[in-house]
Amino acid sequence: MQLICRLRADTRLEACRVVSETPQNAGFGTAALAAAQYFRFRPASREGHPVDGAEIAVGVEWP
């Protein structure tokens, strides 16, 4: 499963959307979107300052 999100300078994700989900319509995409609020990533930096709004792909695997 894959999400595309914008990465904020404060390490959080926003505006996430599901771009692939297997199996489809089983609720895993909805669950991944709900879980994304807890994900944290180090943003890119420019001149030592975090850059806001980079778009990233986030892979999510369910056991």
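This is a predicted model: local features need pLDDT of at least 70, side-chain atom pairs count only at pLDDT 80 or more; totals for chains, interfaces and linings use all residues.
Tutor: Residues are numbered from 1 along each chain as its sequence is written, and side-chain values use heavy atoms, with hydrogens and water left out.

Student: Why is Asp52 called exposed?

Tutor: Exposed means over 50% relative accessible area, buried under 20%, and partly exposed in between, with a 1.4 Å probe and protein chains only. Asp52 has 53%, so it counts as exposed.

Student: And what makes Ser45 exposed?

Tutor: Ser45 comes out at 54%, so the exposed label applies there too. Ser45 sits in strand E3 (residues 45–46); strands (E) are DSSP runs of at least two residues and helices (H or I) of at least four, numbered from the N terminus.

Student: How do you know that Glu21 has no salt bridge?

Tutor: A salt bridge needs a side-chain nitrogen of Lys or Arg within 4 Å of a carboxyl oxygen of Asp or Glu. For charges, Lys and Arg count as positive, Asp and Glu as negative, and His and the chain ends are not counted. The nearest side chain of opposite charge to Glu21 is Arg17, 13 Å away, and Glu21 is buried.

Student: What makes Glu21 and the backbone of Gly29 a polar contact?

Tutor: The cut-off is a pair of N or O atoms within 3.5 Å; within protein, one must be able to donate a hydrogen and the other to accept it, and residues adjacent in sequence count only if both atoms are side-chain atoms. A polar atom of the Glu21 side chain is 3.0 Å from the backbone nitrogen of Gly29, and one is 3.4 Å from that of Phe28. Glu21 itself lies in the loop between strand E2 (13–20) and helix H1 (28–35).

Student: Which backbone nitrogen does the side chain of Asp52 reach?

Tutor: That of Ala9, at 2.7 Å. Asp52 is in the loop between strand E4 (49–50) and E5.

Student: How do you know that E1 and E2 pair?

Tutor: Two strands pair if DSSP finds at least two bridges between them. E1 (residues 2–7) and E2 have five, in the antiparallel sense, and Ile4 has Arg17 as its bridge partner in E2.

Student: What about E1 and E5 (residues 54–59)?

Tutor: Six bridges join them, again antiparallel, with Ile56 in E5 as the bridge partner of Cys5.
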